[in-house]
Amino acid sequence: MQHQVPPPEFSRTVKADAVQRGEVVEVIEADSAERKALAERFELEAIDRLTATVRLKRASGGEMIRVTGELEADVVQTCVVTLESVRNTVKDGFEALFAPPELVPEADEEMEFDASMADEDIIEPIVNGRIDIGELTAQHLSLALDPYPRAPGVELPAVAFDDDEEEDEVVEERPNPFAALAKLKGKPQ
């Protein structure tokens with residue numbers, strides 16, 4: 001039995017065939033129900049606004065489509081220290097490359113990893129002749145969120161060792177585990 005994947009909370013599709021010689025520009029905005037569903041997905045208190053300007057253009061060769069976008073969102077997160085509500089404005093740019101499924105490497109195929117390969121060089125499949133720029137925007141919003149939001153003026157608790165001197169002192173106080181071995185072998189330390 002196949003597992004059904006739920007539809008994306010914020011879906012805005014563009015037909016790949018609509019992207020011809022020129023650039024296609026779409027301005028998208030999430031409505032209140034979509035923002036509420038995305039806030040639940042990303043474990044946020046709220047998303048008050050989510051908009052994006054997305055540009056689609058045929059890449060050289062014509063079969064692939066390069067998508068670039070800028071998103072803006074007003075979100076309410078929870079402070080990791082005080083659990084207070086923290087309002088943040090998120091602005092981020094993103095890029096992706098889409099291709100017909102037959103040009104996308106299979107997940108189980110051996111792919112050569114290149115550390116210089118940027119995220120935008122990983123090819124995403126065009127599904128049913130469409131590119132979902134809403135879901136792409138949502139994914140990049142999740143990546144742009146502050147992973148450790150803090151209320152204004154709140155600092156993270158101090159770590160046990162704030163500077164190298166304290167750490168060196170503690171390390172010197174520990175017994176040397178090899179000293180016990182040296183005693184067993186009868187060697188001086």
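These notebook entries record what I looked up in one predicted structure.

**Ground rules.** I worked from a predicted model, in which local features need pLDDT of at least 70 and side-chain atom pairs count only at pLDDT 80 or more, while totals for chains, interfaces and linings use all residues. Residues are numbered from 1 along each chain as its sequence is written, and side-chain values use heavy atoms, with hydrogens and water left out.

**Confidence.** I began with pLDDT, the predictor's confidence in each residue on a scale from 0 to 100. The chain has a mean pLDDT of 83, with 74% of its residues at 70 or more. I noted that residues 113–117 stay under 50. For that stretch the model has one contact (heavy atoms within 4.5 Å) beyond four places in sequence. Residues 167–171 also have pLDDT below 50, and the model gives this stretch two contacts beyond near neighbours in sequence. Where pLDDT is low, the predicted coordinates should not be read in detail.

**Overall layout.** I counted four helices and seven strands in the chain. These are DSSP runs numbered from the N terminus, with helices (H or I) of at least four residues and strands (E) of at least two. From the N terminus the order reads β-β-α-β-β-β-β-β-α-α-α. Of the 189 residues, 29% are buried; the classes are buried under 20% relative accessible area, exposed over 50% and partly exposed in between, with a 1.4 Å probe and protein chains only. Among the contacts with a separation of 6 or more, 67% join residues 24 or more positions apart.

**Core.** Which residues have the most contacts inside the largest nonpolar core? I found Leu56, Val67 and Leu141, in a core of 32 residues. Strands E2 (24–29), E3 (46–58), E4 (65–78) and E5 (85–99), with helices H1 (32–41) and H2 (133–144), each supply at least two residues of this core. A nonpolar core here is a set of buried Ala, Val, Leu, Ile, Met, Phe, Trp, Tyr and Cys residues joined through side-chain atoms within 4.5 Å. In soluble globular proteins, nonpolar side chains tend to be buried together. I then listed the contacts of Val67, leaving aside neighbours within four places in sequence: Val54, Arg55, Leu56, Phe94, Glu95, Ala96, Phe98, Ile131, Ile133 and Leu136.

**Glu26.** This residue lies in strand E2 and is classed as partly exposed because its relative accessibility is 31%. Beyond four places in sequence, Glu26 contacts Val14, Ala52, Thr53, Val54, Leu56 and Ile133. Its C-alpha is 6.5 Å from that of Arg55, 29 residues away in sequence.

**Largest pocket.** I recorded a volume of about 540 Å³ for the largest pocket. On a 1 Å grid over the protein atoms alone, a pocket is an open set of points where a 1.4 Å probe fits, with protein on both sides within 12 Å along at least five of seven lines; lining residues have an atom within 4 Å of a point. Grid points are joined across faces, edges and corners, and the volume is the space filled by probe spheres set on the points. The lining holds 20 residues, of which Phe98, Glu124, Asp132, Glu135 and Gln139 are the closest to the centre. E5, E6 (123–125), E7 (130–132) and H2 each supply at least two lining residues. H2 gives the most, with five. I sorted the lining into ten nonpolar, four polar and six charged residues; Ala, Val, Leu, Ile, Met, Phe, Trp, Tyr, Cys and Pro count as nonpolar, Asp, Glu, Lys and Arg as charged, and the others, Gly among them, as polar.

Beyond four places in sequence, Arg150 touches Cys79, Val80, Val81, Val86, Glu155 and Leu156, whereas Leu156 touches Val80, Val81 and Arg150. The C-alpha atoms of Arg150 and Val86, 64 residues apart, are separated by 6.8 Å; for Leu156 and Val81, 75 residues apart, I noted 6.6 Å.

**Positive phi.** Most residues other than glycine have a negative phi. I noted a positive phi, near 65 degrees, at Leu83, in the loop between E4 and E5. Asn128 also has a positive phi, near 55 degrees, in the loop between E6 and E7. Leu83 is exposed because its relative accessible area is 64%, and Asn128 is exposed because its relative accessible area is 74%.
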